[in-house]
Amino acid sequence: VNWTPEGTFPNGFKIVWSDVHDMPVFPGDPNYLESSPSATSVYLDGFTDGVTYYFRVCRYDGSGCDVYSNSVSFTIACAVPTATPSP
């Protein structure tokens, strides 16, 4: 996940996501990751195949988030290996 911040973010960011609804919030949704004030990207893993997740980046104000990005969704699709016949 990456973003381009506009403004100041002295307390950093939260990346919050949900597989239940499309507007995750912090606090509220249990899935989040903290990021430093200078960060512009984060690597996330451990998601379930076939599930749609909704993500937002927000400005952390010390107790919650006061500004949010738009919501973006991804459906996780893991490649299933195909058998290669032996000669």
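This is a predicted model: local features need pLDDT of at least 70, side-chain atom pairs count only at pLDDT 80 or more; totals for chains, interfaces and linings use all residues.
Local features need pLDDT of at least 70 and side-chain atom pairs count only at pLDDT 80 or more, while totals for chains, interfaces and linings use all residues. Residues are numbered from 1 along each chain as its sequence is written, and side-chain values use heavy atoms, with hydrogens and water left out.

Let's start with the pairing rule. Rings of Phe, Tyr and Trp (its six-membered ring) pair if their centres lie within 6.5 Å; planes under 30 degrees apart are stacked, over 60 edge-to-face, and the rest tilted. That rule gives nine aromatic pairs. Take Trp3 and Phe13: their ring centres are 5.2 Å apart and their planes meet at 55 degrees, so this pair is tilted. Trp3 lies in the segment before β1 (13–18) and Phe13 in strand β1, so the pair ties together parts ten residues apart in sequence. (Strands are DSSP runs of E, at least two residues, numbered from the N terminus.) Both Trp3 and Phe13 are buried, meaning under 20% relative accessible area with a 1.4 Å probe, protein chains only.

Now for Phe26 and Tyr60. With centres 5.9 Å apart and planes at 70 degrees, they are edge-to-face. Phe26 sits in the loop between β1 and β2 (31–35) and Tyr60 in strand β3 (residues 52–60), so this contact links parts 34 residues apart in sequence. Phe26 is buried too, at 11% relative accessible area.

Finally, Trp17, Phe47, Tyr53, Phe55 and Phe74 form one aromatic cluster.

Definitions and conventions: Helices (H or I, at least four residues) and strands (E, at least two) are DSSP runs, numbered from the N terminus. Buried means under 20% relative accessible area, exposed over 50%, partly exposed in between (1.4 Å probe, protein chains only).
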